[in-house]
Amino acid sequence: GSMTFTNTREVKASSLVSTITAAGTGSGSFLNGVSWDPGNAANDMTEIATDVWEITYAGVDADYYEFKFAANHSWDLSFGTGAEVNSGTLYSIYKGGQNCNFTVSVKSNVTLRLDLTGYDSTSGNGAKMAVLVVPVEEYELTGEGEAPFKDTVSRPI
């Protein structure tokens, strides 16, 4: 018989990750009021496509927030940028990176997305993340709060 070898970069993050949980400064509806608990299932994200995870919080109050993404309900594998992030912008995020932070200026719906499709478990690089902050009033008026965000996360070929 013959053996086939694959490049380790081809190993999908989904083989290393069973859950992704958002953890951070839980306040009000953001993170369901749960602070810094990677094991809290209320903040488990939904895998919307292979290795792409997302969660939305409705009616988040104006404030400054910090968070990271934790895999498998543990801090053993976590992701952060160490940067202040702007709504709708795609950022590189790193294994073990520092907290991500962002500011909500008016009551908004906040979506966190983690894209592990390009993640290389050897280097700890290649993951991407984005935050979408849509003012509640704007979202209710247009219903189009998600459109620009979806464009932002498409990956270059």
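# Asking how we know

Visitor: What does F69 touch, not counting residues up to four places away in sequence?
Guide: F69 touches I20, T21, M45, L77, S78, F79, I93, L112, R113, L114 and M129. Keep in mind that this is a predicted model.

Visitor: What makes one of those a touch?
Guide: The cut-off is heavy atoms within 4.5 Å, so each residue on that list counts as a contact of F69.

Visitor: Which residues touch the most other members of the largest nonpolar core?
Guide: That core has 31 residues, and F30, F69, F102, L112, L114 and M129 touch the most other members. Two or more core residues come from each of β1 (20-24), β3 (52-60), β4 (63-71), β6 (91-95), β7 (100-104), β8 (108-115) and β9 (127-135).

Visitor: Where is L31, and what kind of element is that?
Guide: L31 lies in the loop between β1 and β2 (46-49). Its phi is near 60°, which is positive, and L31 is not a glycine.

Visitor: How do you know whether L31 is buried or exposed?
Guide: Buried means under 20% relative accessible area. L31 has 0%, so L31 counts as buried.

Visitor: And W36, is that one buried, exposed or partly exposed?
Guide: W36 has a relative accessible area of 32%. Partly exposed runs between the 20% limit for buried and the 50% limit for exposed, so W36 is partly exposed. W36 also sits in the loop between β1 and β2, and has a positive phi of about 45° although it is not a glycine.

Visitor: How many aromatic pairs does the structure hold?
Guide: There are 8. W36 and W75 make one of them, with 6.3 Å centre to centre and 40° between the planes.

Visitor: Why is the W36 and W75 pair called tilted?
Guide: Centres have to lie within 6.5 Å, and planes under 30 degrees apart count as stacked, over 60 as edge-to-face and the rest as tilted. With 6.3 Å and 40°, W36 and W75 are therefore a tilted pair. The partners come from distant parts of the chain, 39 residues apart: W36 in its loop, and W75 in the loop between β4 and β5 (78-80). W75 has 37% relative accessibility, so W75 counts as partly exposed.

Visitor: What kind of pair do the rings of F67 and F102 make?
Guide: Their centres are 5.9 Å apart and their planes meet at 75°, so this pair is edge-to-face. F67 is in strand β4 and F102 in strand β7, 35 residues apart.

Visitor: How do you know whether F67 and F102 are buried or exposed?
Guide: Set the values against the 20% limit for buried. F67 has a relative accessible area of 0%, so F67 is buried. F102 has 1%, so F102 is buried too.

Visitor: Which residues form one aromatic cluster?
Guide: F30, Y57, Y65, F67, F69 and F102 do.

Visitor: And how many helices and strands does the chain have?
Guide: The chain has 2 helices and 9 strands. Of its 157 residues, 42% count as buried.

Key: Residues are numbered from 1 along each chain as its sequence is written. This is a predicted model: local features need pLDDT of at least 70, side-chain atom pairs count only at pLDDT 80 or more; totals for chains, interfaces and linings use all residues. Side-chain values use heavy atoms; hydrogens and water are left out. A nonpolar core is a set of buried Ala, Val, Leu, Ile, Met, Phe, Trp, Tyr and Cys residues joined through side-chain atoms within 4.5 Å. Buried means under 20% relative accessible area, exposed over 50%, partly exposed in between (1.4 Å probe, protein chains only). Helices (H or I, at least four residues) and strands (E, at least two) are DSSP runs, numbered from the N terminus. Rings of Phe, Tyr and Trp (its six-membered ring) pair if their centres lie within 6.5 Å; planes under 30 degrees apart count as stacked, over 60 as edge-to-face and the rest as tilted.
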